[in-house]
Structures are given as structure tokens and as C-alpha cells.
Amino acid sequence: MRGVRAVLLLAAFVGAGPVAGAARAEEAVVAPSGSYAADAAAAEAILADPSRAGEHAAAWTRLGDALHAGGWRYAALVAWAEALRLDPMAAAGSYPVILDVADALDEELWIGELVGRDFAVPMDPETRARVAYVAARAHFAAGRWGDVLGLLPLVPERSPLHLDAEVLRGVTLAQQGRHGEALVPLLTSYEAARQAGRDQHFVATLALNIARTFFATGNYGRAMEYFDKVPRSDAFWPQAHFERAWAHFRAGDLQGTIALLQTHRSPFFADWYFPEAEMLRAQALYLMCKYPETVKAIDAFTVRYEPMQATLAKVAKDVGPRQAFEGVRTWLADGPTPLPEPLLQRLRYDQRFLDAAAALDAADRELARLPRTSWGERAAVKLKARADERTQIEGRRVLARVQDAREELAGMLADLQLAKVDLLSHEARLYERAAVTGELETERERIGKIRELRRKGKRVWPFEGEFWADELGWYRVTARSDCPASSQGGQDTE
Amino acid sequence: MTKLASAVRLLIATAALWVARPAVAQETVEIGVLRDQDLSVVQNVLYPKDGALEVGGHVGWMPFDPLVTTPNLQLSIDKHFSETLALSAMIGGGYGLKTARYVDIEESAEAFAPYAYRYLASALVGVSWAPIYGKLSATGRRVVHYDVFGTLRGGVTIEQSVIPIPAPSFGITGAPTVALGIGGRFFVGDRLAIRIELRDDLMAEYRELTTRWAFKQNAGLTFGVTGFLGGRGR
């Protein structure tokens, strides 16, 4: 069904002749006058008159243009949004500036929904590509994958947005489970982004997406390679490093898994939410038959996450979307918050949240500056409504994160108690069979390895229980498996 | 806190080989635990020198001579053959100033002036050996990687008598020199380091007024910045 809708959208776009569209737009245009205040007053006169409802879309556009000329960007955007809702044709001439302002205020998803409804609106090819892209993003945010793929071909190869469109295509295909197909646009975009000198975070995000796609195809080696391309300085590095541990785990490299997850055990990540990292580490230790160590990991997990689970339950019950949003905003400014801090760490780098917070600050400033005229009041009502709506949307996003974490932790804590009972019986049997464990690495072998690494320009440092910031991500584990020969990967065969 | 990943550690470990025995089944071995020894940290060298041409500019001071104190400038050039060994050259110039003690003696009732020589310039070439690579940190958050090196250089030092000597020589003499040094580089980036060196120039110089060869020692400290010129060898 979604695929059909996308095709219809495409057909509407292809079928719309620019000449016919332009004629419709001209009918709706109200001739602008010199002063933005006079324009706004003229638009207000139309909007205040219900008998002129047919002209309201054009009047909203005129009010938007006037507000923009007066320096009220957010107020202008909400006025244009009204025009787009009533009749996109009426706002046709303002599309480029609408898209610019939406981009500046990170309101592209909202505006994308509106501009993407009618591709018959006349616009130049560059604007058309932009409209297709923002509309595709809006569909992506809503999970309408078919619509996304239907719109992206409207971004031509020569468009500056083509690279972003290809990335979106790759990610969408991956969301559809078409991982093999997704790799083609993602890999070509990765090289293109590097050659085009796109910013480091863009390239790193792309590498992370490629790694995840390789992971999904079961190509763990390539997944590791691309997880490793996310630089340490990037906000996604802790996540990429953790996911790389999953790739090692799936590839059967338990030592590598434990080594990578050592980073997340460091005090530098004490305030981060990475329960899955601790669970994965416990699982790797279990498969190496390191049962006492696994029990220790489980106990540490319980001590750390049981109180958080209680806090999350309280937050889910007592905190509403507005309070959640304000709680994060206050926390980002080093103030108190009712939300568990580890859950908020990633929001420090969540560009969408940061942009929303900045845009809502801008909305507050504009609300204070809007004149107390009838058109100013009209714009203020709409702007306040949008600010409230956006606060609710972002607040709900934060609460969804709380809810996900709550469910995740509830499942993990319940499973762990069962696993612990199992482990204690394994541990008892382990001691009985300790004498037949694998061989220890000799000192001669160890020194040989150090010498080899030195030849490769590496330095080997001992781990002495201290965590140094520069060592995060560089741990190696040389522990042997303690599984007796009669058992395989933690599964007792006796 | 400090850590060493050096030839010294490797040496200690190698020595331990002579007394170490392989683990046998009867020994008590911890089962099921992850020990600190099971973990290590493998990092890239922060300031990879192998094959690189390292140049640096330094300010120096020779503060240990009671009669003459010498501010100076030095230029260093090191061609690294490996992470530890380099051909090392240093040229520099300065001007030895009379110390307060020298002036006191000079102005005393006996009208006696010590026969001291001041440093003017030097050019030295030799080897540099950096066997120690370490890092230090106060809190674990800010970490500085460094190396420690020793130098052995030979060359010539130009000195001048502090007591004025007329033309044609002006009391200037060229002294064959052997210089021993020890220092460290603190790496501030992939291609930049702060270098501190304590150098002792041992020289034999011919002194015109006494018409004798004399032994002299110029011990000084230099503090400078070094970096790689062009691409690295590796």
C-alpha cells in the first residue's frame, strides 16, 4: 500500500506542468506593498474576515513573508505552514525561503510533511529536489519506507542534495531489511562524502550505518572495519565501539569482545547508559567458562541498574512530555533533572534535540518581540502552538527512551537472576575439572608478541587496574578460555 | 602515575625468562577469573620517529659556570633510523655574560680578573638513543606521552677569552668537543614535541694568554620545540 502511495506521489509530480501550476499560483498572489508592517496588516484584514476564506492561504503567505522581512523567522514559518496547509499553491513563490528557514530552525520534518503533499506546485528544479528530499525525510521519520524510496529519485544526480538522498536511500533500504541492496548506495556515498570533504561527523555516521548493514548481512569482518572508521573524537564512537564488540562476539572472538567492552567498564563511562555492553561482556565471560567473573559481572549489573529501574518506573509514572523536555534542557545547562542522568548522556550529542532546544529558545525570543497588534497576536498564537507541539514531540521522544530503557532493564534483570542460578552450578563443576584446562601462554611467547608489536610501531602497556583516558579503545585480552575440553563454549556436555 | 613501555621493561621481562618456569598442571592457577595480567593496552606510538627528519629550535642557558652565564639558541636536526636510534646534530650560538661573582672579583682591590672563556658557538654531530617510551598522568584524564634519550655528539665549540685580547685573534679559540646529553621529548601531537635536554660539553681549548691547553666543561639546559620536516619515513 505504501509503495502504491509513493508511486502516486511520483505520478502527481511528473504530471504537473510548471506552466499550469504557475497560473494557479498567480491567481492566489496578493500584491505585496513596501512595508512589512503594512503587508502584515493587510494580510490580517483578510484573515480576520471569514467571508474571504478563499484568500486565507495567500494571506498567510503574505503574513509569513512580512514576518520574515521583520526578522521573526519562526513566526514566519508557522504562518507559511498555515498557508501550506490550506493551499500549497498560495505559498509557491516562497518555497525556497520556507525551506531555508525550516532548515535553519531544524523544522524540515514538519515542513517536509506539508510541502511533500503537492508536487504540482510550480518550482524550479533545485527547489523541487529540496522539496523531494525534505518530504522523503519526513516520510522516513514516520516509518513510511516505500514513500521515501518513491520520492528520492526526484533528487537528480546534479543536485547538491544527491549525496544526502543516496544516504537516505541506503538507510531506508536497510530499514526494509534489504541490507544487500542498501550497501551499494551507502558505500558509494561514503567515498563520495570523503571526496567531497563532508564534515567528520557526517562521514562517521555513514560509516556506522555501513557497519550496521554489514553486521545485518552477517559480514562481521567488514562490520568491524567500518565500526573502526568512526573516530574516537566523534560523538558516536562509544556506540560504534560497543557495536563492534557485538561483531567480534558474533564472529566468535570472545577475547576481542571482552577487550572492546573494557572501555565501557571504565569510570569514564560510569554516567553512561550501556547495560547491553555489560550483558554482552557477561555473556562472553560465560562462554569462556569464566563463571566466577560472570557472577561478579551480574552482581555489578544488578547493583548498578536495579536502582535505575526503580527511577525509570517513577519517571514513567510521574513525568509528562513537557517536564521531560524541560528536564533535559535544564540538565544540559548543568541543572537538576528528574530523569536518570545516564540515559541523558547521548542527548548531549543528539543534534535533533539540541536544534529543537535552540529553536524553541528562538521561538521564546520572538514571542517576546512580536508587536501587540492584531497580526502580531495572530502570529503569536500560532507560534506558541507550534512551540508547545514541538516541546511535546521532543518530550515524548525522551519519554520513549525512558520507556524503552525500562522495558530493556526489566527483561535483563529478570533473565539475570535465572542465569545466576545456572552459573553457580556451573562454577561448582568447573572447580572439579580445573586440572584439564587449556595451556597458559609462556613468558617467552608473551615477550615475542611484544617485540612483534614494537616492530609495527605499537607500544604495549600493562593493565594495572587503573583506567587512563588515552587507553580507552586500545585494550587487548589474552585470557585463555577456562572451558574444560569436554565442554564447548560454556555449554556443559557432561 | 606513570607507565613505561620501554626497552627497560623488555629487558626486565627477558631477564625473568632465565628464572621463569612454565606453568604446570599441578600449580595453583586461578580458574574462571579475568586477571589484570590478562589485559594489556596496545597503542600506536604517538610521535612516530622511525624514518623521520626531526628539526627543532631551542633556547638554552648554561647556568653552572660560576664566572660566565650563557644564554644561547640552538638548532637541532635528527635523522631517525628507528624509534630509538638517530643521527643527531646540533648547532647553536650564544654569548657568555660575566656573572655577579666575576664582576665582584674584577672590581676587588687587587684588580684581578679571572681568566675565563665565554661560549660563542658550537656545531656538534653524533648519535641519539631513546630507549624509554613512557607516559604520565595526574588523574588518568590528561595523559602525556614522552620518551627519554641520551646523546653522544662530537664537534667544535668556539669560545672567547673574557679578558680582552687584541687582534688578530681577539682571544677566540676553536675547541674540539665531546658532548654528552640526556633529555626527553613530551609529545603534544603526532608531529610536534616539546624537548628538554641537559647537555655537558667537554672541550679542550688552547688559551692564548697562558699558552696552554685547558679542559673546560659547558653544562647547559635547552628547552625547545621539535617537529617533523616533510613526510615521515614510515
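Which side chain does A:D482 meet in a salt bridge? In this predicted model, the partner is A:K290, with N and O 2.9 Å apart. A:D482 sits in the segment after β2 (475–477) of chain A, while A:K290 belongs to the loop between α16 and α17 of chain A, so this pair ties together parts that lie 192 residues apart in sequence. As for cover, A:D482 and A:K290 are both buried.

A:R304 is part of helix α17 (residues 291–318) of chain A and A:E278 is part of helix α16 (residues 275–287) of chain A, so the link ties together parts 26 residues apart in sequence. A:E278 has a relative accessibility of 17%, and it counts as buried because the cut-off is under 20%. A:R304 comes out at 27%, so it is partly exposed, a label for values between 20% and 50%.

Salt bridges can also join up into groups. In chain A, a network of them links A:D106, A:E107, A:R386, A:E389 and A:R390. Chain B has its own example: B:R199 pairs with B:D201, and their closest N and O atoms are 2.9 Å apart. Both B:R199 and B:D201 are buried. Taking the whole structure and all its chains, the search comes up with 48 salt bridges.

Now for the overall build of chain A. Its secondary structure consists of 22 helices and two strands. Of its 494 residues, 51% count as buried. What about contacts along the sequence? Looking at those between residues at least 6 apart in chain A, 68% join residues that are at least 24 apart.

Helix packing gives a closer look at one spot. Two packed helices are described by the angle between their axes and by the distance between those axes. Helix α6 (residues 95–104) of chain A packs with helix α7 (residues 108–115) of chain A at an angle of about 150°, and the axes are 8 Å apart. Angles over 145 degrees count as roughly antiparallel, so that is how α6(A) runs relative to α7(A). On the α6(A) side, the contact is made by A:Y95, A:I98, A:A102 and A:D103, and on the α7(A) side by A:E108, A:I111 and A:V115.

Finally, how confident is the predictor? Chain A has a mean pLDDT of 86, with 88% of its residues at 70 or more. The pLDDT is below 50 over residues 1–32 of chain A, a stretch that has 37 contacts in the model beyond near neighbours in sequence. Residues 489–494 of chain A are also below 50, with 18 such contacts. Chain B averages 86 too, and 86% of its residues score at least 70. In chain B, residues 16–26 fall below 50, and that stretch has seven contacts beyond near neighbours in sequence. For the complex, the predictor gives an ipTM of 0.74 and a pTM of 0.80.

Methods
Residues numbered from 1 in each chain as written. Chains lettered and ligands numbered in written order. Predicted model: local features only at pLDDT ≥ 70, side-chain atom pairs only at ≥ 80, totals over all residues. Heavy atoms only, no water. pLDDT = per-residue confidence, 0-100. Contact = heavy atoms within 4.5 Å. Helix = DSSP H or I, 4+ residues; strand = E, 2+ residues; numbered from the N terminus. Buried < 20%, exposed > 50% of the residue type's maximum accessible area, 1.4 Å probe, protein only. Salt bridge = Lys/Arg side-chain N within 4 Å of Asp/Glu carboxyl O. Axes fitted to C-alpha atoms, helices over the stretch in contact; angles between N-to-C directions. Parallel < 35°, antiparallel > 145°, perpendicular 65-115°, else oblique.
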